[in-house]
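Take a look at the model first, and then read on.

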Amino acid sequence: MADTATTTSVEQLNSLLRGEISAVETYRMAVDKAEGDRVTEIASLREIEREHGEHAQKLRAEIRRLGGEADDSSGAWGAWAKTVQGVSSLFGDTSALKALKEGEEHGLKDYEEAAKDVDEASRALFMTRMIPSQERHIATLDAMMRKIGSGIH
């Protein structure tokens, strides 16, 4: 039987994993909804989707390393994915991008909070990979919203 600290780490990692799975689903929907000649923005969204996929794989590996079983669905986080789905044109206004940014900010907060409750190896992964990546995603989405707000294509 795993000790309490390991069980807590696995629970935290699975919660973060569900968020990453949801992020992949969300960005996939966002890219599918994207239209027009916004090639650069679509490429940026695909890159963010790819990074979330990598994060999900790293979290699965951490869960296995700790002897846990990784979740395989987004669970309640799937609702976040639905937020973007209803937007008719991703680049017509900034509302969908704002929703994506809110998800990224929530994920950043989750990683920062979880870093207090996980083992040292997981904490190091968060500090060196996950948190900087979340911050980069937020900056990318901010830049996209500024570009759209200014009418630049």
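Let's start with helix α4 (residues 95-114): at 1.5 Å a residue, its 20 residues should span 28 Å, and its end C-alpha atoms are 28 Å apart, which agrees. The expected span is 1.5 Å times one less than the number of residues, and helices are DSSP runs (H or I, at least four residues) numbered from the N terminus. This is a predicted model, where local features need pLDDT of at least 70 and side-chain atom pairs count only at pLDDT 80 or more, while totals for chains, interfaces and linings use all residues. Residues are numbered from 1 along each chain as its sequence is written, and side-chain values use heavy atoms, leaving out hydrogens and water.

Helix α2 passes the length check too, as the table shows.

Buried here means under 20% relative accessible area with a 1.4 Å probe, protein chains only. Among the buried residues of α4 are L97, L100 and Y111; those of α2 include I42, L45 and E49. The buried residues of α2 pack against α1 (4-33), α4 and α5, with contact meaning heavy atoms within 4.5 Å.

E49, in helix α2, has a relative accessible area of 15%. Leaving aside residues up to four places away in sequence, E49 touches V24, Y27, R28 and V31.

How do α2 and α5 cross, and at what angle? The axes of α2 (residues 39-65) and α5 (residues 120-149), lines fitted to C-alpha atoms over the stretch in contact, come within 11 Å and cross at roughly 165 degrees. That makes α2 roughly antiparallel to α5 (an angle over 145 degrees).

Key: Helices (H or I, at least four residues) and strands (E, at least two) are DSSP runs, numbered from the N terminus. Buried means under 20% relative accessible area, exposed over 50%, partly exposed in between (1.4 Å probe, protein chains only). Axes are lines fitted to C-alpha atoms, for helices over the stretch in contact, and angles run from 0 to 180 degrees between N-to-C directions. Angles under 35 degrees count as roughly parallel, over 145 as roughly antiparallel, 65 to 115 as roughly perpendicular and the rest as oblique.
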